[in-house]
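I opened this notebook to keep a record of what I looked up in one structure, entry by entry.

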Amino acid sequence: MLLQVLGTAAGGGLPQWNCACPSCTGARAHPHRRRRHASLALRADEGRWYLVNATPDIGDQIEDNEALRPGPGPRESPVAGVVLTDAELDHTLGIARLREADGFDILATPPVRDALLGRLRLGEVLAPYTRIEWRALGRQAEPLDKNGTVEMAAVPVSAKKPRYAVGTGSDEPTWVVALRLRDTATGRSLLYAPALAEWTDDFQDAVEEADCVIVDGTFWDDDEPVRTGISAKTATGMGHLPIAGPNGTARRLSGLRARCLYTHLNNTNPLGDPEAREHALLDGWGLEVAADRMVIEL
Ligand code: MLT
Ligand code: MN
Ligand code: ZN
């Protein structure tokens, strides 16, 4: 199974257009610190790729990765579809940018599909441009593509709704899911969880089974959003378990047999600065930060 990391930042990216904080300013001055919105590309077959989440950077993310560029036919794209972990705007705004396609697949859980159709009205808006094939994403592992080289299953994570959908839809914990992706030939698997509000027993089972885990690294610690003045809520209150601290994800991930990497870094996260001392702490725990353009083979 071949994966390409297309981006590793939380909503806003790094730098964020309206932000002059030290991290965003640092990323403007040092382009290697820039991070695009969190996304992955997953190869289902020779010349057939699925994007995991469709970010506002989707056009550049496709253009910058040779394997995702069109050809040899004039309108032949290797991008077959999009898999969604949730309905948040940073993971779905890119869908409208795919409207030049004849058609593409979107794999989503029922509450995510309903939010995109009912609240964002993407079905109505995009119908005059392209044909979207909606495919259900559930707990049962299913082949991602015809040839069956990759199987995918959703692990329900939480009922956290995007702000535009608060008060609508069900309260199922399938608003936000982690994806379990398994190569049927090698048996090796990836667990991708860019938004993690709760560490459930099912999630614990999934991390124990995985060979590689890419997980929510939005905030370093629980107080970070309050301390930096971006929110009155803590990290946990915003639906993102922090990395460090007593309810942090690091202590649960460190010691697993899987390779573990953090993604979806907010611009307040000190890990956005390559010189930050937090990198040494993470290293000591045996954990990594994912980087844009990283290639992972499983
Ligand atoms: C999140 O990850 O919590 C959301 O993407 C935040 C947002 O962009 O509103
Ligand atoms: Mn987000
Ligand atoms: Zn900033």
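What follows are my notes, grouped by topic.

**Ground rules.** I am working with a predicted model, in which local features need pLDDT of at least 70 and side-chain atom pairs count only at pLDDT 80 or more, whereas totals for chains, interfaces and linings use all residues. I number residues from 1 along each chain as its sequence is written, letter chains from A and number ligands from 1 in the order in which they are written, and take side-chain values from heavy atoms, with hydrogens and water left out.

**Whole chain.** I looked up the secondary structure and found 9 helices and 14 strands, where helices (H or I, at least four residues) and strands (E, at least two) are DSSP runs numbered from the N terminus. The radius of gyration is 18 Å, close to the 19 Å of the globule rule for 298 residues, so the protein chain is as compact as a globular protein of that length; the radius is taken over C-alpha atoms, and the rule is 2.2 Å times the number of residues to the power 0.38. Along the principal axes, the C-alpha atoms fill a box of roughly 50 × 40 × 40 Å.

I then checked burial and found that 54% of the 298 residues count as buried (under 20% relative accessible area, with exposed over 50% and partly exposed in between, using a 1.4 Å probe and protein chains only). Of the contacts (heavy atoms within 4.5 Å) with a separation of 6 or more, 65% are between residues 24 or more positions apart.

**Zinc site.** Which protein atoms are the donors of the zinc ion (ligand 3)? I found Cys19 (SG), Cys21 (SG) and Cys24 (SG), at 2.2 to 2.3 Å from the ion, with the spacing C-x1-C-x2-C along the chain. Donors here are N, O and S atoms within 2.8 Å of the metal (3.2 Å for Na, K and Ca), and water is not among the atoms, so sites may look incomplete. I noted Cys21 and Cys24 as both buried.

Asp90 lies in helix α3 (residues 89–92) and His264 in the loop between β12 (259–263) and α9 (278–284), so the pair ties together parts 174 residues apart in sequence. Both Asp90 and His264 are buried.

**Backbone.** Most residues other than glycine have a negative phi, and most peptide bonds are trans, and I therefore listed the exceptions below with that in mind. The peptide bond from Leu14 to Pro15 is cis, with omega near 0°, and Pro15 is in the loop between β1 (2–7) and α1 (22–29). The bond from Gly71 to Pro72 is also cis, with omega near -5°, and Pro72 is in the loop between α2 (58–63) and β4 (79–83).

Asn53, in the loop between β3 (48–52) and α2, has a positive phi near 75° and is buried at 1% relative accessible area. Arg293 has a positive phi of about 75° in the loop between β13 (288–289) and β14 (295–297), but counts as exposed at 53% relative accessibility.

**Asp45.** I placed Asp45 in strand β2 (residues 39–45), partly exposed at 31% relative accessibility. Leaving aside neighbours within four places in sequence, Asp45 is in contact with Asp145 and Asn147; the C-alpha atoms of Asp45 and Asn147 are separated by 7.3 Å, although these residues are 102 apart along the chain.
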